[in-house]
Amino acid sequence: MTDPHFAFPTPHVIVVGGGIAGLVTARELADGGVRVTLFEASDRLGGKVGPHTVGGIQLDAGAESFATRGGTVAALATELGLAESIVAPAAGGAWLQPRSGEPLPLPRTGLLGIPAVPLARDVIDIVGLPGALRAQLDALMSGFVGSRERNLGALVRKRMGRAVLDRLVVPVAGAIHSAHPDDLDVDVVAPRLRAALLSEGSLAKAVLTLRAAAPAGSAVQGIRGGMFRLASALAEDLDGRVSLVLGARVVGVDDSGVTLEDGSRHPSDRVVVAAELNEPTGAPITLATLVVEAAALDTAPRGTGILVAAGTPGVRARALTHASAKWAWLAERAASAHVLRLSYEAAPDADDDLRELARRDAERLLGTAIPDDHVLAFDRQRWRGPSVSRLQQERGAAAGVSEVGERVSGAGLAAVIAHAKRESGNLLQDLRAEAGLGLNES
Ligand SMILES: Cc1cc2nc3c(=O)[nH]c(=O)nc-3n(C[C@H](O)[C@H](O)[C@H](O)COP(=O)(O)OP(=O)(O)OC[C@H]3O[C@@H](n4cnc5c(N)ncnc54)[C@H](O)[C@@H]3O)c2cc1C
């Protein structure tokens, strides 16, 4: 087979894994004129972006929003015909349950919990005055301090001190990346933050600059009807252009192709791995979804949801999203009921126990009684966070094998999609260069 993009027979690339990273990669490569085969181990595409039905309402079983940073996800959704469905969350904002005391609204301006204005009232309320004063020292330090620090925890500790790290960055970054800031690479989770620190001279100003560079309005958006529509639209877009093979678990990868669990061998010119092939080591994440009747929740007492500081006595959930308060389309579908999503790192095995734990945690976090007979429906989803959130450059892939996906890009759709696009662009360039080289040689 030949293609106008390539003077030689069309190169064939195998993509391993049909989550968002694999689907975006397959699309970019197919658009670039490459023949693509995608192997997906499960019986559906989308990975952590997919639907489940709870109490008759179709909901997101995994990701439910995306960061507007860079405009990457909205651009993809627009290309796939979903522009009209992009929606902003309700303006209520999120709250934080500190280790002790009452829940508080999260500071209005921040990035991964790093405050843009350390002495703002809402920051002082959470970190205390001494903590805020220590954070303000950031403004007096040279921009060089911490600018070579790739470890998010160490960077924040150096510039703003322990209180900001422990009380803001640990819960916020932990909720987004399922990892402690000490295990997060700044360049992966907050690209350009270190450069902005150097150019602006302080971490707080760097946060402000990055926030200002994001599209106006909310830092996150969603898709009316559910984020899973993005995965469905991608799958539909690829149908007929890419060979999509479901129920195909890849067990071996090298520079000349892949081996499936059934022993079959599939040769290709290149392989892109968009899946976890080794034993997963990422933190377990359990999502408990409750559909409840509770009129007191009509006023959204904790805005769009609440993050929980690790070690808060009497609460096992790490975060609660009041999904029907966050998304207007969902409030409409849920009618008089409310949809609550609680995430857990460690959750009981029995569904009844998890349902009861989630109900009690919801009562405590929302400050509202939710009697057992007001729980209309419950569901559990089990996931794992990315295996490697540590430094990207520690990884080394074999020649001819590229890697995309949250293990290398960091978790979150904005990061995953931007990275998959970049890697596909690099791969296309390589393949074109090779084709050109071949031509010259002949
Ligand atoms: C509960 C939860 C909520 C989240 N909420 C948000 C959110 O609101 N906003 C946001 O931006 N991000 C969110 N995320 C993170 C986001 O969903 C992920 O970062 C992103 O979807 C990861 O995409 P991926 O393609 O890298 O991996 P995955 O989605 O994990 O896809 C990997 C795919 O590879 C397949 N696979 C695995 N092994 C093999 C094999 N051996 N052979 C073939 N196929 C294989 C898997 O079945 C899967 O389909 C959330 C994650 C979770 C778990």
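Helix α1 is largely enclosed by the rest of the structure, because 10 of its 12 residues are buried. A residue counts as buried if 20 or more other C-beta atoms lie within 10 Å of its own, as exposed if 12 or fewer do, and as partly exposed in between, with C-beta atoms placed from the backbone. Helices (H or I, at least four residues) and strands (E, at least two) are DSSP runs, numbered from the N terminus. The structure is a predicted model, in which local features need pLDDT of at least 70 and side-chain atom pairs count only at pLDDT 80 or more, while totals for chains, interfaces and linings use all residues. Residue numbers start from 1 along each chain as its sequence is written.

The buried residues of α1 are Ile20, Ala21, Gly22, Leu23, Val24, Thr25, Ala26, Arg27, Glu28 and Leu29. From its first C-alpha to its last, α1 reaches 16 Å, close to the 16 Å expected at 1.5 Å a residue; the expected span is 1.5 Å times one less than the number of residues. Just after α1, Gly33 takes a positive phi of about 90°.

Helix α1 also turns up around the ligand, where it gives the largest share of the shell, 3 residues. A residue is near a molecule or strand if its C-beta atom, placed from the backbone, lies within 6 Å of it. Of the 36 residues around the ligand, Gly17, Gly19, Gly47, Ala63 and Gly405 come nearest. The elements that give two or more residues to this shell are α1 (20-31), β7 (66-67), β19 (284-292) and α14 (413-441). By class, the shell holds 19 nonpolar, 11 polar and 6 charged residues. Here Ala, Val, Leu, Ile, Met, Phe, Trp, Tyr, Cys and Pro count as nonpolar, Asp, Glu, Lys and Arg as charged, and the others, Gly among them, as polar.

Zooming out, the protein is divided into domain 1 (2-49 + 71-84 + 228-279 + 394-441), domain 2 (108-213) and domain 3 (283-384), with bounds from an automatic or database domain assignment. Domain 1 and domain 3 each supply at least three residues to the shell around the ligand. The C-alpha centres of domain 2 and domain 3 lie 29 Å apart. Still, 8 residues of domain 2 are in contact with 8 residues of domain 3, contact being a C-beta to C-beta distance within 7 Å, with these atoms placed from the backbone. The side of domain 2 that touches domain 3 has 5 nonpolar, 2 polar and 1 charged residues.

Now for the strands, which pair if DSSP finds at least two bridges between them. An open sheet of 7 strands runs in the order β10-β9-β20-β21-β22-β19-β23, with mixed pairing. Its edge strands, β10 (104-105) and β23 (375-384), each pair on one side only. Inside this order, β20 (residues 305-308) and β21 (residues 319-322) run antiparallel and are joined by 3 bridges; Ile306 has Leu320 of β21 as its bridge partner. Elsewhere, β3 (residues 12-16) and β4 pair in the parallel sense over 5 bridges, and Val13 stands opposite Val36 in β4. Strand β4 (residues 35-39) is mostly covered, with 4 of its 5 residues buried.

Thr53, found in strand β5 (residues 51-54), counts as exposed because it has 11 C-beta neighbours inside 10 Å. Thr53 and Asp379 are 326 residues apart along the chain, yet their C-alpha atoms are separated by 8.4 Å. Asp125, in helix α3 (residues 121-136), has 17 such neighbours and so counts as partly exposed.

Definitions and conventions: Contact = placed C-beta atoms within 7 Å.
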